[in-house]
Amino acid sequence: MTVSLDVSGGIAVIRIDEPSDTVLAEVRAVLPVLAEARAVVLLVDPGLCAAGTERLVRGSVAQREAVAAALRGVAGELVNLPVPVVAAIGGNPSGEAAELAMACDWRVLAADGGLGWVTDGRVTGDQVLVARRVTAEEALRTGLVDRVVPRCSVLRAAVELANECKSTQTERKSCRIVAP
């Protein structure tokens with residue numbers, strides 16, 4: 001299994017240990033348990049950074065559409081969790097990992113990281129992939145992320161933010177970003 005779940009002090013931490021074709025199904029499988037937590041942290045690890053892009057490039061149109069549908073389903077379930085969800089982003093995620101991070105209520109990003117967007121486009125009738133990378137500085141300035149911290153502090157800062165959310169009973173942000 002590539003997804004693990006640890007719960008401590010009411011904070012559930014979902015770790016995606018390695019990219020795989022089953023990661024979305026594995027994340028979806030742990031979501032029902034998360035309603036019992038007071039807050040959730042989704043750790044988006046540097047190892048996942050290229051995984052989403054590779055799946056888009058190597059897959060057929062039907063495979064890309066299936067992954068996109070599964071991603072929308074998991075992201076929708078994250079959005080609808082009755083508890084705050086914080087993304088701890090330790091690298092430069094793109095594709096699925098970036099989309100899952102954007103489905104979270106709050107985002108903490110490594111200072112040397114960024115976010116990558118890969119989308120389908122059309123040029124003269126042919127399908128192409130279009131990519132753009134957003135630096136940590138730009139992500140903070142534009143509101144894509146809420147905090148930028150040193151890479152070694154990402155998980156700790158996300159857990160602290162999750163604790164603040166649950167202890168102050170703050171309202172969830174309605175900031176669901178599709179792509180810059």
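This is a predicted model: local features need pLDDT of at least 70, side-chain atom pairs count only at pLDDT 80 or more; totals for chains, interfaces and linings use all residues.
Is Val40 buried or exposed, going by its relative accessibility? I started my notebook with that one. Val40 comes out at 0% relative accessibility, so I put it down as buried, the cut-off being under 20%.

**Entry: around Val40.** I placed Val40 in strand β3. Next I looked up its contacts, skipping neighbours within four places in sequence. Val40 touches Ala12, Ile14 and Leu34, and also Leu81, Val83, Pro84, Val85 and Val86.

**Entry: the whole chain.** I stepped back to get my bearings. I found six helices and eight strands, and from the N terminus I read the order as β-β-α-β-α-α-β-α-β-β-β-α-β-α. Of the 180 residues in the chain, 47% are buried. I then took the contacts between residues at least 6 apart in sequence, and 65% of these join residues at least 24 apart.

**Entry: the cores.** Which residues have the most contacts inside the largest nonpolar core? I listed Ile14, Leu31, Val40, Leu42, Leu78, Leu81 and Leu100, in a core of 37 residues. The elements giving two or more residues to this core are β2 (11–16), α1 (23–34), β3 (39–44), α3 (61–79), β4 (85–89), α4 (95–102) and α5 (136–142). The largest share, six residues, comes from α1. I followed Leu42 as well: beyond four places in sequence, Leu42 touches Ile14, Ile16, Leu78, Val86, Ala87, Ala88, Leu100 and Cys104. Apart from this core I found another, of 17 residues, among them Ala88, Val154, Ala157 and Ala158.

**Entry: α1 against α3.** At what angle do α1 and α3 pack? I noted about 25 degrees, with the axes 10 Å apart. Angles under 35 degrees count as roughly parallel, so that is how I described α1 relative to α3. The crossing of α1 past α3 is left-handed. On the α1 side I saw Leu24, Val27, Arg28 and Leu31, and they meet Val67, Ala70, Leu71, Gly73, Val74, Glu77 and Leu78 of α3. Two of these names took me back to the core entry: Leu31 and Leu78 are among the residues with the most contacts inside the largest nonpolar core.

Conventions: Residues are numbered from 1 along each chain as its sequence is written. Side-chain values use heavy atoms; hydrogens and water are left out. Helices (H or I, at least four residues) and strands (E, at least two) are DSSP runs, numbered from the N terminus. Buried means under 20% relative accessible area, exposed over 50%, partly exposed in between (1.4 Å probe, protein chains only). Contact means heavy atoms within 4.5 Å. A nonpolar core is a set of buried Ala, Val, Leu, Ile, Met, Phe, Trp, Tyr and Cys residues joined through side-chain atoms within 4.5 Å. Axes are lines fitted to C-alpha atoms, for helices over the stretch in contact, and angles run from 0 to 180 degrees between N-to-C directions. Angles under 35 degrees count as roughly parallel, over 145 as roughly antiparallel, 65 to 115 as roughly perpendicular and the rest as oblique. A crossing is left-handed if the near helix is turned anticlockwise from the far one by less than a right angle, and right-handed if clockwise.
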